[in-house]
Amino acid sequence: MPQPAQTPSTDALPPPTERFTLLGWVYKNLLTPWYNLLLTVVSLWLVYVLLKGTISWALTARWEVIPANARILMVGSYPAEYLWRVWAAIWLLAAIVGFSWGVWVSKRERVAWVLMAVPVVLALVSHGWVRLAWAATLALALAGWWLGRRARARKGGVWATLLWVLYLPTFVLLVRGWGLPEEPFWKYTTAVQLAVIVASLIAAAWAPRVPWVALGHAALLAAALALPQWRSVLLWPAIVGFLVWFIARRYAHLEGLKRLALQVGLAYIPLLIFIFFAYEPLSRTWLAKVASANWGGLLLNILIAVFGIMFSFPLGVLFALGRRSSLPVIRLFSILYIEFVRGVPFITILFMAQIMFPILLPPDMSIDRVVRAIMGVIMFAAAYMAENVRGGLQAIPKGQYEAAAALGLNATQTMLLIILPQALRNVIPVLVGQFIGLLKDTTLVTIVGLLDILGVAQSVLSNPKWIGTQREVYLFVAFLFWVLSYGMSYASRRLEQALGVGRR
Amino acid sequence: MWQDMTWRNFWRDERFLRVFGQVVFVLVVFLVGRYLYTNMYTALAQRGLLPNFDFLNTAAGFDIGEVPSFIHYSGSSPNKMAFLVGLLNTLRVSALGIVFATIVGVIVGTARVLPNPLARGLATAYVEFLRNVPLLVLLVFWYRGVFIVLPRLAENPITWGRQDLPGGKFRAWLILSNRGLAMAWAQATEAWALYKGWLGAALVAAVLVYLGLSWYARRTGRAPLTFLWSLAAFLAVAAVGWFVVQATAGQAPLRVVVPEVKKRLVEGGLKLSPEFLALLSGLVIYTGAYIAEVVRAGLQAVSKGQIEAARALGLTTFQMLRFVIFPQALRVIVPPLTSQYLNLTKNSTLAVAIGYPDLFNVAGTIFNQTGRSIEVIVIIMAVYLSFSLITSAFMNWYNRKIRLVER
């Protein structure tokens, strides 16, 4: 608002304001006019009734049911010898939260004390090595914060974003573990497959116009189709390698592509060493795969949510782009999918995933129950994700497309470099809201018979020792979800401020 | 231009690529679909369960806990009747849930913009707590932690207006026990048949008043309280009818029946099961929190200048609400409100976790009995899809109706 033209005067007093007094505030906000007084009385009575009931119950409740079943509620039947991997995931998370806090939050905030109080309180109520583990969590969070403060001036934001993006797959690899392929020659076939991809990228950087590269892919494809024993080895590298070459060669004029190809080529050697000498011993010992039947409790909820987020996000972006595509077939397909999934309740999708997937796939290809539930979650979340992303895409002014076209960018470049970054930044709050919804919705897998935290709670309550403790257990579950969801929504508000959403 | 037509360049021609890409896409979708369909066909053929809707006419063979009073259902009724009962139960809990959730949401949402810090704080705490807790946890807590651990009928149920009768019996206006809620309710007497005609007349009168006042409003540019006046007309005719029927037939068309407890049985009045109560109240307080946010956003979307302008024009508070605030807030509120209604209806499927026989629950039982997976899934999805199609059709109509007419 423009300031009225006047000489800046230092000696002029500010206009008289109402002086703040406690009594005056109470009188103005709580007691007048009459309906305000009525409202105050009703609110006080409500607070009194609620607090009195809650406190008198909470003091007599059998809270010992929670610590006695804490482990099963948290991780279900996750093997005890691998529990340290869950702890490692928590420690990593704490360090990343601390780091991001150091990078993005400059002011002192009360929430920091609450965040730090969580491991302190948990360390105090637990005992033995669990207490040490919580202390380590706090220490790592503080160390992360210290690093974050240092890194703030040196691209700290980029590092923090990278850490968060890497955290989700790391979490999955830690908690789920690594499986060993059943194939006897998997080391060699993996080496060949990776070599095809890397070679395609290098060819795209240095020989973008040589048609023989494509013929090479075609030869691989022909070999894969002709020789059944080689099919599983060569089929997907031939296709993916061709796509990598075909897409990357259009950027061959950029200096960055050669550098990238060189880096990938160099990374291939240590990767090979790792696959040949470290992968197998690790996945036999420390990082052995934990079968999904052993995922349980809150860990299962979080795993389902993490998988759901990781896969439904790219799928949702694709559907959003499809819905705005100018190709009628693609648009129709996207619209039908999105509207169908959004029109039916989540539980029917889960039910369908449990019952239909085994029928739709050949009998020798069985997917286990947890994976089926995860696929249902992904299918469901992708449709909602698509609508949210579409909202962001629609908010991008036409001038951005025109400016990109004027700069000579093609459609893919316009989308990837100009439109999507802005669109996604604008919908962060909505997306986080959806992630919270997704985490909350994972409790529904208990209806199709999985042992998530609600399922475990039911089995705890059917133990004769703990009959009559429904309120304690379910309130505890509700409280856990509340902390997680509220934490996520708080983080999203911070992220919004840090990225300057809604500001120019 | 002619270069575009040469054969050498056709794979660089965008027009060709667009068509080609779509053809490939259709082909891939078709092949994947055919693959899945073949698998499904073989799997179902092996089990002798090829899709076939004949099972709808065979006997269901299971009982349903709650059947609407105007429907006859027993274990020997066909499966389609079971579906119908489930559908009606879904509609019942959704319709009541929508009404009550709207009331809760409007109250809490308004409280969130009040100047009174106590009321505002209470409303904020309500919204912030419930929006961050899974509905299923809330429902299960509500059912297992509250409703089925209420005192038993024989012990000391929560009552309101209790009158002890001889023989250990008692009656009360409201009885809340682990069997659910029983409350005093109106019951039709023999005079009800006579009264139905009066109700029809009242409806006609209300419609006439509504049309007349709308015509008057268009004609004169005034804004009478159309809805309230037609409601008044309805009530007036209904009241006159009540007294006329009472005078001629010797009894009122409705009479109040108070529930009475004999040993472990409740007789008379309206009885609601704990499952229904838990589902309804869970859905209401959960959706109420979301509706509160919708209402708050709508109220805050009305710019302050509008209120100041209304005051400057000398409108009374009532006029300001009716002509300035509500029309503008409603435009913001109604679209997300409808989607909340739809969410509530879809969320009522969680009834399966607490044993209320809604459509999904009944369909699950039928699936377990008959093994007819595809058919059952098709039926439930078709029902919920038609709900959302009807709702979105309504939304489009409403959006057209209230669209801002720019001058």
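A: Helices (H or I, at least four residues) and strands (E, at least two) are DSSP runs, numbered from the N terminus. By that count, chain A of this predicted model has 21 helices and zero strands. The C-alpha trace of chain A spans about 85 × 80 × 50 Å along its principal axes. Residues are numbered from 1 along each chain as its sequence is written, and chains are lettered from A in the order in which they are written. Local features need pLDDT of at least 70, and side-chain atom pairs count only at pLDDT 80 or more, whereas totals for chains, interfaces and linings use all residues; side-chain values use heavy atoms, without hydrogens and water.

The part to look at joins two chains: helix H2 of chain A, residues 34-60, packs with helix H3 of chain B, residues 117-130. Their axes (lines fitted to C-alpha atoms over the stretch in contact) lie 8 Å apart, at an angle of about 40°.

Contact (heavy atoms within 4.5 Å) is made on the H2(A) side by A:Leu39, A:Thr40, A:Ser43, A:Leu44, A:Leu46 and A:Val47. From H3(B), the residues are B:Leu118, B:Ala119 and B:Leu122. By class, seven residues of this contact are nonpolar (Ala, Val, Leu, Ile, Met, Phe, Trp, Tyr, Cys and Pro), two are polar and none is charged.

Back in chain A, contacts between residues at least 6 apart in sequence can be sorted by separation: 78% join residues at least 24 apart.

Notes:
Axes fitted to C-alpha atoms, helices over the stretch in contact; angles between N-to-C directions.
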